Amino acid sequence: MSLQTPRVLPAHLHAFHTSSSTKHHTVRILGTVSALRGDTATITCGADEVTLILKPDSHLQMGKLVEIIGKVTDLNEGGIGIRVLGSTDWGNPADCDYKIYEQVVNATHKLKPIFYDE
């Protein structure tokens, strides 16, 4: 079986946190890079923000739309974020209708057996 990386929204992160009972901890999330600070970054996903823990070779650019593949993890300052395993630049955020993306992600969570192994 290949590693499954479900697409998530910030509201789904708690369900994929390492302390939860789910077996899938690697996720994909789409957002716009809104802050870069040393070894962390913030992406804006609709109205929410997610903190990323970057790899040394991460090359994110401010204002770009990116898809992040990573593991949901605890943050030093409290809360949860994503430890980046990889990223893909999706270009200009204006070229993506995030509301449609949110609807697709929500559909994949409502109809999990169609999209993911149980």
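Glu-102 and Lys-99 sit together in helix 1, three residues apart, or about one turn of the helix. Glu-102 also forms a salt bridge with Lys-99 (a side-chain nitrogen of Lys or Arg within 4 Å of a carboxyl oxygen of Asp or Glu), and the closest N and O atoms are 3.8 Å apart. Helices (H or I, at least four residues) and strands (E, at least two) are DSSP runs, numbered from the N terminus. This is a predicted model, where local features need pLDDT of at least 70 and side-chain atom pairs count only at pLDDT 80 or more, while totals for chains, interfaces and linings use all residues. Residues are numbered from 1 along each chain as its sequence is written, and side-chain values use heavy atoms, leaving out hydrogens and water.

**Helix 1 and its two faces**

- Tyr-98, Tyr-101, Glu-102, Val-105, Thr-108 and His-109 are the buried residues of helix 1, where buried means under 20% relative accessible area, exposed means over 50%, and partly exposed lies in between (1.4 Å probe, protein chains only).
- The buried residues of helix 1 pack against strand 1 (26-37), strand 2 (40-45) and helix 2, with contact meaning heavy atoms within 4.5 Å.

- Look for His-12 in the segment before strand 1; at 16% relative accessibility, His-12 counts as buried.
- His-12 is in contact with Val-105, Asn-106 and His-109, leaving aside its neighbours within four places in sequence.

**Salt bridges**

- The structure holds four salt bridges.
- One of them joins Glu-67 to Arg-28, with the closest N and O atoms 3.2 Å apart.
- That pair links distant parts of the chain, since Glu-67 is in strand 4 (residues 65-74) and Arg-28 is in strand 1, 39 residues apart.
- Glu-67 counts as buried at 5% relative accessibility, whereas Arg-28 counts as partly exposed at 22%.
- Arg-7, Arg-28 and Glu-67 are linked in a network of salt bridges.
- Lys-55 forms a salt bridge with Asp-57, and their closest N and O atoms are 3.5 Å apart.
- Both partners count as partly exposed, Lys-55 at 31% relative accessibility and Asp-57 at 47%.

**Lys-64 in its loop**

- Lys-64 is found in the loop between strand 3 (48-53) and strand 4, and is partly exposed with a relative accessible area of 28%.
- Not counting residues up to four places away in sequence, Lys-64 touches Gly-31, Thr-32, Val-33, Asp-89, Gly-91 and Pro-93.
- Lys-64 and Ala-94 are 30 residues apart in sequence and 9.7 Å apart in space, C-alpha to C-alpha.
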